[in-house]
Amino acid sequence: MSDASNAALLDVRDVSKAFGTVEVLRAVSLEVKRGEVVTIIGPSGSGKTTLLRCVNFLESYDSGSIRIDGKEVGYRDAGTRQHRSERDLAAMRAETGMVFQSFNLFPHLTAAGNIMLGLRKVRGKSEAEARQIAEHWLGRVGLAHKADSLPAELSGGQQQRVGIARAVAMEPKILLLDEITSALDPELVGEVLAVVRSLAEDGMTMLMVTHEMAFARDASSRIVFMADGGVSAVGPPAEILAAEASNERLRSFLARFRASHF
Ligand SMILES: Nc1ncnc2c1ncn2[C@@H]1O[C@H](COP(=O)(O)OP(=O)(O)OP(=O)(O)O)[C@@H](O)[C@H]1O
């Protein structure tokens with residue numbers, strides 16, 4: 001484990017994964033350093049969501065390694081090769097905060113209640129402490145006045161901002177964002193991206209899958225282009241755009257967005 005500021009916080013090495021006979025990830029490698037925002041783009045079915053789910057260990061992977069801050073993600077402890085306990089798995093998952101396309105808020109809990117749940121159950125905070133943290137993060141995403149609203153009383157953009165607040169309130173080492181604006185009406189996308197941008201400016205480390213190409217270009221430290229389960233190109237946004245000339249798959253992928261976004 002290293003605290004060096006340039007060490008990779010997330011280190012994905014040669015990760016492969018198949019569903020039955022279908023190889024979905026083929027020796028994928030990527031790094032996210034502390035404070036970096038890395039964006040994954042790529043055609044539908046290229047394995048982007050599966051990769052994020054492996055990092056958060058919602059999916060197991062068949063081979064390769066995924067390390068967060070030097071610690072292997074997975075069923076077995078890398079040191080002892082023993083299966084991890086459920087408690088250990090929960091603690092490991094709490095290192096990553098994941099926000100989903102479909103919000104996934106508990107409908108019977110208020111905005112504050114949704115945020116407090118993990119703080120109470122996983123982080124062991126008292127009711128009062130959890131409430132204070134929830135209110136802090138709701139304020140940070142511009143929803144201080146909605147703490148006691150149920151998800152059904154919130155717009156999609158507001159629900160997603162609660163989802164982000166819930167994830168960051170757990171103080172994850174890295175935030176994983178999986179197409180978090182894809183289910184929103186276009187007029188609500190901006191408010192959610194503004195929250196992501198301000199977290200990035202505060203130094204939050206993020207790995208994000210998005211189809212918002214202009215946002216990827218403006219907010220990312222690096223872009224990873226995935227195709228057919230592998231990393232086809234990786235680099236700063238300007239380099240990725242330049243790589244188009246020599247990468248046919250990237251060219252055809254970007255061509256579909258160019259008219260409306262680039
Ligand atoms: N649980 C599963 N069982 C079987 N196949 C799956 C499962 N989850 C994903 N797949 C398959 O894995 C491939 C990659 O899916 P994945 O969702 O990771 O792609 P993606 O790049 O995120 O696509 P999209 O942009 O459409 O969300 C697809 O062919 C998909 O059908």
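In which sense do strands S4 and S5 pair, and over how many bridges? The legends below take up this question first and then turn to other parts of the structure, which is a predicted model.

**View 1. The hairpin of strands S4 and S5, with strand S1 alongside as a partner of S4.** Strand S4 and strand S5, the latter made of residues 71-72, pair in the antiparallel sense over two bridges. Together S4 and S5 form a hairpin with two residues between them, and Asp69 in the turn has a positive phi of about 55°. Strand S4 (residues 63-68) also pairs with strand S1 (residues 8-19), again in the antiparallel sense, over five bridges.

**View 2. The open sheet of six strands.** Strands of a sheet pair through backbone hydrogen bonds, either parallel or antiparallel. In this sheet the pairing is mixed, and the strands follow the order S6-S7-S8-S3-S9-S10. Strand S6 (96-99) and strand S10 (230-235) are the edge strands, each of them pairing on one side only. From one strand to the next, the twist averages 20°. Within the sheet, strand S3 (residues 37-41) and strand S9 (residues 222-227) pair in the parallel sense over four bridges, and Val38 stands opposite Arg222 in S9.

**View 3. Helix H5 and its contact with helix H3.** Helix H5 (residues 156-169) lies across S6 and strand S7 (174-178), and runs at about 170° to S6. Two packed helices are described by the angle between their axes and the distance between the axes. For helix H3 (residues 111-121) and H5, the axes come within 9 Å and cross at roughly 25°; because this angle is under 35 degrees, H3 and H5 are roughly parallel to each other. H3 passes H5 in a right-handed crossing. Ala111, Asn114, Ile115, Gly118 and Leu119 in H3 meet Val162, Ala165, Arg166 and Ala169 in H5, and the residues of this contact divide into six nonpolar, two polar and one charged.

View 4. Ala130 counts as buried because 22 other C-beta atoms lie within 10 Å, where 20 or more are needed. Leaving aside residues up to four places away in sequence, Ala130 touches Met116, Leu119, Arg120 and Lys125. Met116 and Ala130 are 14 residues apart in sequence, while in space they are 5.2 Å apart, C-alpha to C-alpha.

Conventions
Residues numbered from 1 in each chain as written. Predicted model: local features only at pLDDT ≥ 70, side-chain atom pairs only at ≥ 80, totals over all residues. Buried ≥ 20, exposed ≤ 12 C-beta atoms within 10 Å, placed from the backbone. Contact = placed C-beta atoms within 7 Å. Pairing = 2+ DSSP bridges. Axes fitted to C-alpha atoms, helices over the stretch in contact; angles between N-to-C directions. Parallel < 35°, antiparallel > 145°, perpendicular 65-115°, else oblique. Left-handed = near helix turned anticlockwise from the far one by under 90°. Nonpolar A, V, L, I, M, F, W, Y, C, P; charged D, E, K, R; others polar.
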